[in-house]
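User: I'd like to go over this one with you. Can you put it up and start with the ligand site?
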Amino acid sequence: MRTIYLDNNATTPVLPAVFEAMRPFLTEHFGNPSSPHHMGDKPASAIRDARVKVASLLGCADTEIVFTSCGTESNNIAIRGTLEMNRERRHIITTAVEHSAVLNPVKRYASLGCDVTVLAVDRAGRLSLDALRDALRDDTALVSVMFANNETGVIFPIDRIAEIAHARGVPVHVDAVQGAGKVPMDVKTLGADFVALSGHKLHGPKGVGALYIRKGTKWAPVFLGGSQERGRRPGTENAAGIVALGAACEHGAQTLVRYHSDVRALRDRLEKELLARVTDSFVNGVASERLPHTSNIGFLGIDGNAMLVLLDEVGICVSAGSACKSGAGLPSHVLGAMGLSPEEAASCLRFSLSSLTTPADIDACLEHVPAIVERMRRNFISA
Ligand code: PLP
């Protein structure tokens, strides 16, 4: 059975070129990048090169990039590092549709006595900038918002959010784990102070991430240890992972155009055809600006988790909600925040494409999805 992998927001395959770039740092160039002898040289210089590549994807200085172990860590460092530094500021603003890698650290600070404002979204997944303006206070420590939603692909207007927050002297953290390498992301245009990335979402390996920290931003390191990453994130560097992240970012920069054109066209065809072939189906966030490779589609009356299993039986991998939450049996907090009823939310599946998705993958989906929905609806009605 051929695998049709349409779950790239959960994770992406490591590209062969990325794997080849990292391989020597798992084998012959295994030295510790901090070692003063020659075995440290290659890993140290490869890390320098990788930092330049990551910085180039974001349009920042290489000195503004800190390597981490994943997107979750990058988010935690930004949030915790800001709150540790600004102890007189005890108010955080975030949104109702953030990933748990932001919601849970924020919840922790709420339990420690911080005030948290959670901004609502509308049916299209959009934020109200007026609500943000109203929420900002003199003691607001941080605005933490995602670049694009992992479930719906809805993109937030980070440049405008940053402008509003900065006008009140409040720094902005952006969870850009979904979006980096898919759409252009220049930190100067975004205006954010922290931008979190994750290797495995853009064809790098799991276990490596990065955090952009704008020069001059006030924050304190969360981990304390050696002088790696100039003390900003101590711990012996994952040289192989970092090299791979650099290669993945380089590849990401080269494939932005394909995401804008080919991948978007495949996603749009998938949506258009599914809506035409399946009655009572709808696309979440369709009225908003969205990532070009993400589609969240509801099939009324269907249980998305059951449908996911039936699709898997024919080789199609998609997801119902966030991969980190699947198995928990919880309705999507993102779709709930957009105003969907629990039944509507439970009927939704996320299809996330990549630059490796082919027209044949979409054809297979268009063949199987309507047939499975029809079968499920028939069985349900006759049950
Ligand atoms: N933020 C978002 C929006 C995500 O989609 C994910 C992963 O799904 C994360 C953060 C966590 O990234 P990582 O798996 O690298 O910790």
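Analyst: A note on classes first: Ala, Val, Leu, Ile, Met, Phe, Trp, Tyr, Cys and Pro count as nonpolar, Asp, Glu, Lys and Arg as charged, and the others, Gly among them, as polar. Also, this is a predicted model.

User: OK. By class, what does the shell around the ligand have?
Analyst: Eight polar residues, four nonpolar and two charged.

User: Which residues are the closest to the ligand?
Analyst: Gly71, Thr72, Asp175, Ser198 and Lys201. In total, 14 residues surround the ligand.

User: Which helix gives the most to that shell?
Analyst: Helix α3, residues 71-85. It contributes three residues.

User: How far is a ligand oxygen from an N or O atom in the side chain of Ser198?
Analyst: 2.6 Å. For the His200 side chain, a ligand oxygen lies 2.9 Å from an N or O atom. For the His99 side chain, that distance is 3.3 Å.

User: And how much of the ligand's accessible area does the protein cover?
Analyst: 92% of the 390 Å² that the ligand has on its own.

User: What about Cys348?
Analyst: Cys348 is in no disulfide either. Its nearest cysteine sulfur, that of Cys365, is 15 Å away.

User: Is Cys348 buried or exposed?
Analyst: Buried, with a relative accessible area of 4%. Cys60 counts as buried too, at 14% relative accessibility, because the cut-off for buried is under 20%.

Conventions: Residues numbered from 1 in each chain as written. Predicted model: local features only at pLDDT ≥ 70, side-chain atom pairs only at ≥ 80, totals over all residues. Heavy atoms only, no water. Near = heavy atom within 4 Å. Polar contact = N/O pair within 3.5 Å; in protein donor to acceptor, adjacent residues only side chain to side chain. Areas by Shrake-Rupley, 256 points an atom, 1.4 Å probe, with all protein chains shown as cover. Helix = DSSP H or I, 4+ residues; strand = E, 2+ residues; numbered from the N terminus. Buried < 20%, exposed > 50% of the residue type's maximum accessible area, 1.4 Å probe, protein only. Disulfide = S-S within 2.5 Å.
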